[in-house]
Amino acid sequence: MKGNFEFRTRKSNWSLWVIECIDPNCNWRLRALKIVPESTKFVIRKNVGVHCFSLLNRNANHRQATYVVIGEQVAPQYVGVEKGLGPKGVQNFARTKLGAQISYYKARMGRKHAHTLIRGLPEQSFHILLSYFHMLEKLNLGTVTRIEVDRDSRFNLFVAFGVVIRGFRYMRKVVGIDGTFLKGQYRGILLVATTQDGNGQCYPLAWGIVDSENEDAWTWFLTQLKEVIGDTDELALISDRAPSIKKAISTVFEKAHHGACAWHVAQNIKNKFKCADIMGSYWSTVNSYRCEDFVGYMTEISHRYPRVAEYLENEVGFEKWFQCHYPGLRYNITPTNMVKSLNSMLVNARDFPYVSLLDVIQEKMSKWWNDRRIVAMAITAPLTLSWESEFRPRFAQSNGRHTLQLNPVTYHVKCSELEGVVDIFNKTCTCKEFDIDKLPCVHAIVAAHHAQVSVYSLVSP
């Protein structure tokens, strides 16, 4: 093929293969026989390997450069990578490595065939799922897997790795849930539940694949998730405002609190009311800690865009997105943004067969956990790197603040911006930052120094 020589098949059956040069005046030919009838291997019995026709008869548009041949040759380029060469890259590969000019369509088909060789057919993935999940549970202690096919042949699967389940005991119980479309032959929806670890990094809890994103699918997924993470008053579930998710959460979780993702609410405002200029006031409202500040920002929004204020109050509900009104604990965690990051991370793997997709997920998580373990082993401070970097500016701001002790555990901290009354026993402050983030605010740091108490002892788990 590299020499642009074409051949044709003179004879082909179950035991014999004879090919010859496409030019009848050329003596090049090859004859191969099957070794034994039961074998699939052939042995070359005759080979005249020298072409003797004009160079003008060479053809770069090689008839033997089928998409199958191209796929077999380019397949190693896709081993261990998610994206690999695109169709134009395959065209360039065929031209430089094989000396063949191929069409864009043939390059696309060759790429598809290479994917099949490396990752298998979707049907094969279905056949080995049970064995795959069995080995996951056997080799990863505590891993939970579920597969369910209903009477309408709709397919659901769920997986949560054991190491993740064990680690969640030490996480703040704020979980984001969302779904994204798969693009393989059988489509489907990839569902994910995630939170943040102590360093503010993405911590995927569970994965699921369902037929479509509806109430039944979410109910099934959340039922499996509940078995893994439990259902307590401390648990907060954050999602977009899709009715199917809202109904499923209310059905499955009796104690957990449901909150709306502030980012999704912002997108809805921009799309529904066409008022991107209000986003500054909206995010100031979202990030405010005190109800007085919240009222001030909401008043500004209502004066400029009354319909937006009505939407936030009546359709979304203040208790769903504003920290001060939220009935549970959301801290300063925004897990839904983490879900979007996960979806973006898997953008090239969403057309893989299911087992190959799960392999990518497992490989990425294994790498994350090992990298984080190495970083954690090197930490000498009491807190993680993220929390320590959050602490340092507050320490700097605490210098020179006047403190008045009101009783053994209560201190009035005065400053030019905002005064605060701190209760170091109950870990509260009138600025509300200490109450919501569960991390000492500037006032709490000043009070701790005055009380000769370690500020690290005021950090909640």
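Residues are numbered from 1 along each chain as its sequence is written, and side-chain values use heavy atoms, with hydrogens and water left out. Because the model is predicted, local features need pLDDT of at least 70 and side-chain atom pairs count only at pLDDT 80 or more, whereas totals for chains, interfaces and linings use all residues. Helices (H or I, at least four residues) and strands (E, at least two) are DSSP runs, numbered from the N terminus.

Four strands form an open sheet in the order 1-2-3-4, with antiparallel pairing; two strands pair if DSSP finds at least two bridges between them. Strand 1 (7-12) and strand 4 (42-48) are the edge strands, each of which pairs on one side only. On average, neighbouring strands of this sheet are turned by 20 degrees against each other, direction ignored. Axes here are lines fitted to C-alpha atoms, for helices over the stretch in contact, and angles run from 0 to 180 degrees between N-to-C directions. Six bridges join strand 3 (residues 29-34) to strand 4 in the antiparallel sense. Lysine 34 has phenylalanine 42 of strand 4 as its bridge partner.

Two packed helices are described by the angle between their axes and the distance between the axes. Helix 2 (residues 87-97) packs with helix 3 (residues 104-119) at an angle of about 100 degrees, and their axes are 8 Å apart. The two helices are therefore roughly perpendicular to each other; angles under 35 degrees count as roughly parallel, over 145 as roughly antiparallel, 65 to 115 as roughly perpendicular and the rest as oblique. Pro87, Lys88, Val90 and Gln91 of helix 2 make the contact with Tyr104, Ala107, Arg108 and Arg111 of helix 3, where contact means heavy atoms within 4.5 Å. Four of these contact residues are nonpolar, one is polar and three are charged. In this division Ala, Val, Leu, Ile, Met, Phe, Trp, Tyr, Cys and Pro count as nonpolar, Asp, Glu, Lys and Arg as charged, and the others, Gly among them, as polar.

For helix 10 (residues 291-304) and helix 11 (residues 306-316), the packing angle is about 130 degrees and the axes lie 5 Å apart. Helix 10 and helix 11 are therefore oblique to each other. Met298, Ile301, Ser302, His303 and Arg304 of helix 10 meet Pro306, Val308, Ala309 and Leu312 of helix 11. This contact comprises six nonpolar residues, two polar and one charged.

The largest nonpolar core has 57 residues, of which Phe158, Val175, Ile177, Trp207, Phe221 and Leu222 touch the most other members. Such a core is a set of buried Ala, Val, Leu, Ile, Met, Phe, Trp, Tyr and Cys residues joined through side-chain atoms within 4.5 Å. Buried means under 20% relative accessible area, exposed over 50%, and partly exposed in between (1.4 Å probe, protein chains only). Helix 6 (residues 215-229) gives the most to this core, contributing eight residues. A second, separate core has 22 residues, including Val265, Val316, Phe318 and Phe322.

Aspartate 231 is found in the loop between helix 6 and strand 10 (236-239). With a relative accessible area of 15%, aspartate 231 is buried. Leaving aside neighbours within four places in sequence, the contacts of aspartate 231 are Lys226, Val252, Phe253, Glu254, Lys255 and Ala256. Methionine 109 is 122 residues from aspartate 231 in sequence and 48 Å from it in space, C-alpha to C-alpha.

Most residues other than glycine have a negative phi, and most peptide bonds are trans. Lysine 274, in the loop between helix 8 (262-273) and helix 9 (279-287), has a positive phi near 55 degrees. At 67% relative accessibility, lysine 274 counts as exposed. The phi of lysine 438 is also positive, near 60 degrees, and lysine 438 lies in the loop between helix 16 and helix 17.

Helix 17 is largely enclosed by the rest of the structure, because seven of its 10 residues are buried. These are Val442, His443, Ala444, Ile445, Val446, Ala447 and Ala448. They pack against helix 15 (385-397), strand 12 (402-407), strand 13 (410-414), strand 14 (420-423), strand 15 (428-429) and helix 16 (433-437). Glutamine 452 follows helix 17 and has a positive phi, near 55 degrees. Serine 460 is located in the segment after helix 17 (442-451) and counts as buried at 16% relative accessibility. Apart from neighbours within four places in sequence, serine 460 is in contact with Arg172, Lys427 and Lys438.
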